[in-house]
Amino acid sequence: VNAEDELALWEMALNLQLTPDHKSRLYNRFGFEELKTKAFHTLSTGEKRRASLLALPLLSSRYWLMDEPFSGLDILWSSYLENLIEAKARGQKGIILITHKPDRWAESFDELWILSHGKLTRRTL
C-alpha cells in the first residue's frame, strides 16, 4: 500500500474521476510527488500522517472527524494542516477535531467540548 493506493481508495469511495494533473497537484501539496509509490511501511511517521491527509481537499463539502491530526507532523506540515482546518471551519460543513489544545481553536469554531477529569463541558464561543 502506498500514497497512490490511498488516493485511489478515496477517489473510488467518493466516486470521483481525478485527472493525472489533479492527482499531481494533491501529491505536491502534501510533499508526496516523489514518495507516492513508496510502500507505507517504509515511510516515517510524519510521511504516513501526510499520506492519510491526501484526501482532505477532496472532502471540503463533507464533515471531517479528526483525532489528533497533528500527531507526527513537523512544524511546517502542522502549519499547513492548521490552514486547511481554518479554511474548512469557515465553510458550510463542520469539523469534529479531537485535540489536547482546544484553546488554540477557540476562534475558529462555534463551540468547544472539553473533556476534563471525566466531565464533558460545552463552551459556546
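This note sets out, point by point, the main features of the predicted model shown above.

1. Overall organisation. The chain is built from four helices and four strands. Read from the N terminus, these elements follow the order α-α-α-β-α-β-β-β. The C-alpha trace spans about 45 × 30 × 25 Å along its principal axes. Of the 125 residues in the chain, 32% are buried. Among contacts with a separation of 6 or more, 48% are made by residues 24 or more positions apart.

2. The nonpolar core. The largest nonpolar core contains 30 residues, and Phe32, Met66, Leu81 and Ile85 are the members that touch the most others. Two or more residues of this core come from each of helix 1 (3-13), helix 2, strand 1 (64-67), helix 4 (75-89) and strand 2. Helix 4 provides the largest share of this core, four residues.

3. Met66 within the core. Which residues does Met66 touch, once those up to four places away in sequence are not counted? The list consists of Leu53, Leu56, Leu81, Ile85, Ile95, Ile96, Leu97 and Ile98. Two of these partners, Leu81 and Ile85, stand with Met66 among the core members that touch the most other members.

4. Ile85. This residue is placed in helix 4. Ile85 has a relative accessibility of 0% and therefore counts as buried, the cut-off being under 20% relative accessible area. With residues up to four places away in sequence not counted, Ile85 touches Trp64, Met66, Pro69, Phe70, Ile95, Leu97, Trp105 and Phe109. Leu115 lies 30 residues from Ile85 in sequence, and the C-alpha to C-alpha distance between the two is 21 Å.

5. The largest pocket. The space in the largest pocket comes to about 440 Å³. Its lining is formed by 19 residues, and those nearest the centre are Ile95, Leu97, Phe109, Glu111 and Leu112. Strand 2 (95-98) and strand 3 each contribute at least two residues to this lining. Strand 3 gives the most, with five residues. By class, the lining of the largest pocket comprises twelve nonpolar, four polar and three charged residues.

6. About 200 Å³ of space is found in the second largest pocket. Its lining consists of Glu68, Phe70, Ser71, Ser78, Glu82, Thr99, His100, Lys101, Arg104 and Trp105. These lining residues divide into two nonpolar, four polar and four charged.

7. How many cavities of 30 Å³ or more does the model hold? The count is one. The largest cavity has a volume of about 30 Å³. It is lined by Phe30, Arg50, Leu53, Leu73, Trp77, Tyr80, Leu81 and Leu84. Helix 4 supplies the largest share of this lining, four residues. Seven of the lining residues are nonpolar, none is polar and one is charged.

8. Strand 3 (residues 111-116) and strand 4 run antiparallel and are joined by six bridges. One of the pairings links Ser116 to Lys119 in strand 4. Two residues lie between the strands of this hairpin, and His117 takes a positive phi near 55°. Is strand 4 (residues 119-124) largely in the open or buried? Of its six residues, the number buried is zero, so strand 4 lies largely in the open.

9. Lys38. The loop between helix 2 (20-29) and helix 3 (45-52) contains Lys38. With a relative accessible area of 35%, Lys38 is partly exposed, because this class lies between the limits of 20% for buried and 50% for exposed. Apart from neighbours within four places in sequence, the contacts of Lys38 are Val1, Asn2, Ala3 and Leu43. Ser60 is 22 residues from Lys38 in sequence, and the two are 27 Å apart in space, C-alpha to C-alpha.

Terms used
Residues are numbered from 1 along each chain as its sequence is written. This is a predicted model: local features need pLDDT of at least 70, side-chain atom pairs count only at pLDDT 80 or more; totals for chains, interfaces and linings use all residues. Side-chain values use heavy atoms; hydrogens and water are left out. Buried means under 20% relative accessible area, exposed over 50%, partly exposed in between (1.4 Å probe, protein chains only). Two strands pair if DSSP finds at least two bridges between them. Contact means heavy atoms within 4.5 Å. On a 1 Å grid over the protein atoms alone, a cavity is a set of points where a 1.4 Å probe fits but cannot get out, and a pocket is an open set with protein on both sides within 12 Å along at least five of seven lines; lining residues have an atom within 4 Å of a point. Grid points are joined across faces, edges and corners, and a volume is the space filled by probe spheres set on the points. Ala, Val, Leu, Ile, Met, Phe, Trp, Tyr, Cys and Pro count as nonpolar, Asp, Glu, Lys and Arg as charged, and the others, Gly among them, as polar. A nonpolar core is a set of buried Ala, Val, Leu, Ile, Met, Phe, Trp, Tyr and Cys residues joined through side-chain atoms within 4.5 Å.
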